[in-house]
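Visitor: I would like to go through this model and ask what stands behind each label. Please show it first.

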Amino acid sequence: MTISLTNKATDPLLRHEEAAHYLGVSPAHLRRARYTGELFKGFDAPKYIKMGHAVRYRKSTLDEWLSALPEYHSTAD
């Protein structure tokens, strides 16, 4: 049997603290988001992986989540 590696299989997995730093939030804020489902008011939390008790975030998932956030030109937007 042959197993083909997809992009996700070779995608770096970030620990909880690394993911929080990458997103610019505190680890406590990211931990709370896993329970509430929202990282910011009105914005879903990024998806994560459970490996036993360990929580990991795919870097590509975090990048996709960040790119889906709206961008503004000014506070008038």
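Visitor: What percentage of the residues of the chain count as buried?

Guide: The model is a predicted one. Of the chain's 77 residues, 23% count as buried, a label that requires under 20% relative accessible area.

Visitor: Why is Tyr57 called buried?

Guide: Its relative accessible area is 0%. The cut-off is under 20%, so Tyr57 is buried.

Visitor: And why does Tyr48 count as partly exposed?

Guide: Tyr48 has 36% relative accessibility. Buried would need under 20% and exposed over 50%; 36% falls in between, so Tyr48 is partly exposed.

Visitor: What makes Tyr48 and Tyr57 an aromatic pair, and why is the pair called tilted?

Guide: The structure holds two aromatic pairs. In the pair of Tyr48 and Tyr57, the ring centres are 6.0 Å apart, and the limit for pairing is 6.5 Å. The planes of the two rings stand at 50°. Stacked needs under 30 degrees and edge-to-face over 60, so this pair is tilted.

Visitor: How do you know that S1 and S5 are paired, and in which sense?

Guide: Three bridges link S1 and strand S5, residues 54–58, in the antiparallel sense. At least two bridges are required, so the two strands count as paired. Leu13, for one, has Arg58 in S5 as its bridge partner.

Visitor: What makes S1 and S4 edge strands?

Guide: The open sheet has three strands in the order S1-S5-S4, with antiparallel pairing. Strand S1 (13–15) and strand S4 (49–51) each pair on one side only, which is what the word edge refers to here. From one strand to the next, the twist averages 45°.

Visitor: Where does helix H3 lie relative to this sheet?

Guide: Helix H3, residues 59–68, lies across S1 and S5 and runs at about 60° to S5.

Visitor: Which residues have the most contacts inside the largest nonpolar core?

Guide: That core has 13 residues, and those with the most contacts inside it include Ala19, Leu23, Leu30, Tyr57 and Leu62. Two or more residues come from each of helix H1 (16–23), helix H2 (27–36), S5 and H3. H1 gives the most, with three residues.

Visitor: Which residues is Leu23 in contact with, leaving aside its neighbours within four places in sequence?

Guide: Leu23 is in contact with Leu30, Leu39, Pro46, Leu62, Trp65 and Leu66. Contact here requires heavy atoms within 4.5 Å.

Definitions and conventions
Residues are numbered from 1 along each chain as its sequence is written. This is a predicted model: local features need pLDDT of at least 70, side-chain atom pairs count only at pLDDT 80 or more; totals for chains, interfaces and linings use all residues. Side-chain values use heavy atoms; hydrogens and water are left out. Helices (H or I, at least four residues) and strands (E, at least two) are DSSP runs, numbered from the N terminus. Axes are lines fitted to C-alpha atoms, for helices over the stretch in contact, and angles run from 0 to 180 degrees between N-to-C directions. A nonpolar core is a set of buried Ala, Val, Leu, Ile, Met, Phe, Trp, Tyr and Cys residues joined through side-chain atoms within 4.5 Å. Buried means under 20% relative accessible area, exposed over 50%, partly exposed in between (1.4 Å probe, protein chains only).
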